[in-house]
Amino acid sequence: MLINSLTANYNGSIATPGSGADIDNYVLGATVTANVTLTGTNTFTGNYVKGLLVESFGAISISNLTANSTSTSRGAELNNKNALSNASGVTLTGVNKFVGNGSDGLFIESKGTVTLNTVTATGNI
């Protein structure tokens with residue numbers, strides 16, 4: 001799955017909880033690795049639950065990720081702990097910012113290597 005420059009801002013409220021984006025190619029019984037790649041600039045600001053949730057059976061690669069000011073939960077959660085291959089890691093390239101979220105700014109669970117580049121995480125609860 002390849003997505004270029006995804007923006008999802010100000011989704012959800014107390015009355016109707018919602019997240020910025022939920023990308024899920026995590027299918028039980030899958031026998032083929034499917035990677036998730038977000039290129040360009042990817043922004044998730046002011047969402048009520050999570051800014052970005054990615055669950056994948058393959059590698060996760062994201063460039064220039066900003067997930068700020070999520071009200072009640074994590075700015076970004078990236079999970080491929082059940083990937084089909086140990087080579088399936090999580091990679092953040094470019095400039096990545098996680099500021100003022102209601103929980104963790106960035107939370108990663110991975111079966112493979114985690115590689116981070118230029119990460120700022122401040123003011124998260």
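## Terms and basis of the model

A residue is called buried when its relative accessible area is under 20%, exposed when it is over 50%, and partly exposed in between, with a 1.4 Å probe and protein chains only. The model is predicted, so that local features need pLDDT of at least 70 and side-chain atom pairs count only at pLDDT 80 or more, whereas totals for chains, interfaces and linings use all residues. Residues are numbered from 1 along each chain as its sequence is written, and side-chain values use heavy atoms, with hydrogens and water left out.

## Overall architecture

The protein chain contains 0 helices and 13 strands, where helices (H or I, at least four residues) and strands (E, at least two) are DSSP runs numbered from the N terminus. Along the sequence, the pattern is accordingly β-β-β-β-β-β-β-β-β-β-β-β-β. The radius of gyration of the protein chain is 14 Å, which agrees with the value near 14 Å that a compact globule of 125 residues would have; this radius is taken over C-alpha atoms, and the globule rule is 2.2 Å times the number of residues to the power 0.38. Taken along the principal axes, the C-alpha atoms fill a box of roughly 40 × 30 × 25 Å.

Of the 125 residues in the protein chain, 38% are buried. Where contacts (heavy atoms within 4.5 Å) join residues at least 6 apart in sequence, 64% of them are between residues at least 24 apart. The accessible surface comes to about 5,900 Å², of which 52% belongs to carbon and sulfur atoms; such areas come from the Shrake-Rupley method with a 1.4 Å probe, and for residues only the protein chains shown count as cover.

## Charges and salt bridges

The protein chain carries 5 positive and 6 negative charges, and their mean positions are 5 Å apart. In this count Lys and Arg are positive and Asp and Glu negative, with His and the chain ends not counted, and the place of a charge is taken as NZ of Lys, CZ of Arg, CG of Asp or CD of Glu. Side chains of opposite charge can pair when their charged atoms come close. A search of the whole structure finds 4 salt bridges, each defined as a side-chain nitrogen of Lys or Arg within 4 Å of a carboxyl oxygen of Asp or Glu.

One of these joins the side chains of Glu-77 and Lys-50, at 3.0 Å from N to O. Because Glu-77 lies in strand β8 and Lys-50 in the loop between β4 (42–45) and β5 (52–55), the pair ties together parts that are 27 residues apart in sequence. Glu-77 is buried, with a relative accessible area of 9%, and Lys-50 is buried as well, at 18%.

Asp-104 forms a salt bridge with Arg-74, with the closest N and O atoms 2.8 Å apart. Asp-104 lies in the loop between β10 (96–99) and β11 (106–110) and Arg-74 in the loop between β7 (65–68) and β8, so this pair ties together parts that are 30 residues apart in sequence. At 29% relative accessibility, Asp-104 counts as partly exposed. Lys-50, Arg-74, Glu-77 and Asp-104 are linked in a network of salt bridges. Leaving aside neighbours within four places in sequence, Asp-104 is in contact with Ser-73, Arg-74, Gly-75, Asn-124 and Ile-125, while Asp-104 and Ala-76, 28 residues apart in sequence, are 8.0 Å apart from C-alpha to C-alpha.

Lys-81 forms a salt bridge with Glu-109, the closest N and O atoms lying 3.7 Å apart. Since Lys-81 is in the loop between β8 and β9 (90–93) and Glu-109 in strand β11, the pair ties together parts that are 28 residues apart in sequence. Both residues are partly exposed, Lys-81 with a relative accessible area of 42% and Glu-109 with 27%.

## Asn-79 in strand β8

Asn-79 lies in strand β8 (residues 76–80) and is buried, with a relative accessible area of 8%. Not counting residues up to four places away in sequence, Asn-79 touches Val-54, Glu-55, Ser-56, Ile-60 and Glu-109.

## Backbone angles

Most residues other than glycine have a negative phi. Tyr-10, although not a glycine, has a positive phi of about 55°; Tyr-10 is found in the loop between β1 (2–4) and β2 (21–24) and counts as exposed at 61% relative accessibility. Thr-118 likewise has a positive phi, near 45°, and is found in the loop between β12 (114–116) and β13 (119–122), where Thr-118 counts as partly exposed at 47% relative accessibility.
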